[in-house]
Amino acid sequence: MKVRSIGAAAATAGCTGGAIAAAAALVASPGPGIAGHTGMAAAAVYAGVGLAGAGIVAGVAYWAMRKFVVYKIKPIYQVVLSRDVKTRELEHHLTGRHDMVDRIGSELTARAESGSRELERLKDRERYRREFLGDISHEMRTPIFNIQGYILTLLDGAVDDPQVNRRYLERSEKSIDRMIDIVNDLEEIAQLESGTLELRPERFDIVEMTHDVAEDASMEAEKQGITVVVDSESPVWVTADRRYIRQIMANLMVNSVKYGRGGGCTRISFIDLFDKVMVEVSDNGVGMSAEETERVFERFYRTDRSRSREMGGSGLGLSIAKHIVEAHGEHISVRSQPARGSTFSFTLRK
């Protein structure tokens with residue numbers, strides 16, 4: 001019974017230490033047949049040593065394979081993370097992970113997708129930068145060339161002609177004013193984007209302000225044969241920077257008149273949205289295509305470039321309007337159909 005229990009203990013131990021302990025117990029036990037008992041113990045010792053050796057070999061193999069994998073994937077992590085990755089850092093990151101290959105694959109896939117999105121964003125920014133530089137150079141070139149032409153004409157002798165010199169000087173002044181408007185508008189956009197332009201919110205009646213703006217635009221509207229209608233006579237109170245909201249209303253109203261049809265109508269309405277007010281400026285003018293509505297708030301974008309320049313303006317009004325509305329934490333949008341008109345909408349807090 002003692003031999004059977006000791007052999008079972010040795011077999012259960014499955015390691016060198018357990019087998020040696022069992023053999024020592026057997027040798028130390030008194031009784032006949034010690035030689036046979038010693039042979040069984042020796043067999044148990046050899047079995048334990050074999051199992052232990054296999055475990056050591058497997059451990060070394062796992063360690064070597066892990067080192068090899070880390071060595072191979074380290075350059076990939078450095079490229080993906082765009083920094084130097086230490087071997088110990090990577091080993092620590094992968095410690096205790098039985099699904100190491102799946103984890104590495106998932107991480108690298110996620111990094112690759114993130115890098116792809118960042119690359120697309122940078123490409124978009126580069127495209128936007130090129131378009132912006134091209135647009136601003138084009139917008140500045142026109143008044144500069146006009147001024148140059150007027151001055152050269154005056155220098156060639158027209159300065160002595162009283163019927164020509166004053167007219168050319170007045171045209172030069174208009175071109176200079178246009179350049180000043182572009183520079184001022186660009187400075188305003190830069191301040192709005194950087195957050196350095198301080199808003200001064202106050203509570204005011206936007207209907208009263210809209211009537212004032214409509215009165216200012218009435219002369220140009222009458223010239224174009226367009227009727228300006230303000231839907232409400234009752235006060236509608238909002239909380240915003242009064243000066244900048246007036247600037248938005250003036251821009252939207254002037255654009256509506258510019259691109260309206262003779263005999264048409266520009267309508268300003270106010271919609272109650274619980275804690276907000278939606279302001280809509282709509283017309284039945286020339287309208288815009290879907291492609292144009294997507295880009296209409298971009299800097300210098302014009303739906304009809306030649307007509308827009310003839311009518312004046314910097315081409316930055318709608319971009320400024322968008323930045324002002326967003327600086328208030330609100331939203332501006334446009335709905336339009338070609339030959340049916342456009343509706344610009346923005347919200348303000350009550």
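Let's start with Glu298: at a relative accessible area of 24%, Glu298 is partly exposed. That label sits between buried (under 20% relative accessible area) and exposed (over 50%), using a 1.4 Å probe and protein chains only. The model is a predicted one, so local features need pLDDT of at least 70 and side-chain atom pairs count only at pLDDT 80 or more, while totals for chains, interfaces and linings use all residues. Residues are numbered from 1 along each chain as its sequence is written, and side-chain values use heavy atoms, with hydrogens and water left out.

The partner of Glu298 is Arg295: the two form a salt bridge, with 3.1 Å between the closest N and O atoms. A salt bridge here is a side-chain nitrogen of Lys or Arg within 4 Å of a carboxyl oxygen of Asp or Glu. Arg295 is partly exposed too, at 26% relative accessibility.

## Other salt bridges

By this rule the model has nine salt bridges. One of them joins the side chains of Asp231 and Arg267, N to O at 2.8 Å. Asp231 belongs to the loop between strand S2 (227-230) and strand S3 (237-241), and Arg267 to strand S4 (residues 265-273), so this pair ties together parts that are 36 residues apart in sequence. Asp231 is partly exposed at 41% relative accessibility, and Arg267 is partly exposed with a relative accessible area of 36%. For the element names: helices (H or I, at least four residues) and strands (E, at least two) are DSSP runs, numbered from the N terminus.

Another salt bridge links Glu326 to Lys322, with the closest N and O atoms 2.8 Å apart. This one stays inside helix H11 (residues 317-327), where Glu326 and Lys322 are four residues apart and hence separated by about one helical turn. Glu326 is partly exposed at 40% relative accessibility, and Lys322 is partly exposed at 27%.

## Strand S7 and its neighbours

How covered is strand S7 (residues 341-349)? Mostly: of its nine residues, eight are buried. S7 has antiparallel pairings with two strands described here. Strand S5 (residues 276-283) is joined to S7 by seven bridges, and within that pairing Phe346 of S7 is the bridge partner of Val279. Strand S6 (residues 332-337) is joined to S7 by six bridges, again antiparallel, with Val334 standing opposite Phe344 of S7. Two strands count as paired if DSSP finds at least two bridges between them.

S6 and S7 make a hairpin with three residues between the strands, and Ala339 in that hairpin takes a positive phi near 70 degrees. Val229 lies 9.8 Å from Val281, C-alpha to C-alpha, although 52 residues separate the two in sequence.

His328 is in the loop between H11 and S6. The His328 side chain reaches the backbone oxygen of Ile324 at 2.8 Å and the backbone nitrogen of Asp241 at 3.0 Å.

## The second largest pocket

What lines the second largest pocket? Its lining residues are Pro143, Asn146, Tyr150, Arg171, Lys174, Ser175 and Arg178. Helix H5 (100-155) and helix H6 (162-194) each supply at least two of the lining residues, and H6 gives the largest share, four residues. By class, the lining holds three charged, two polar and two nonpolar residues. Nonpolar covers Ala, Val, Leu, Ile, Met, Phe, Trp, Tyr, Cys and Pro; charged covers Asp, Glu, Lys and Arg; the others, Gly among them, are polar.

The space in this pocket is about 200 Å³. On a 1 Å grid over the protein atoms alone, a pocket is an open set of points where a 1.4 Å probe fits, with protein on both sides within 12 Å along at least five of seven lines, and lining residues have an atom within 4 Å of a point. Grid points are joined across faces, edges and corners, and the volume is the space filled by probe spheres set on the points.

Key. Polar contact = N/O pair within 3.5 Å; in protein donor to acceptor, adjacent residues only side chain to side chain.
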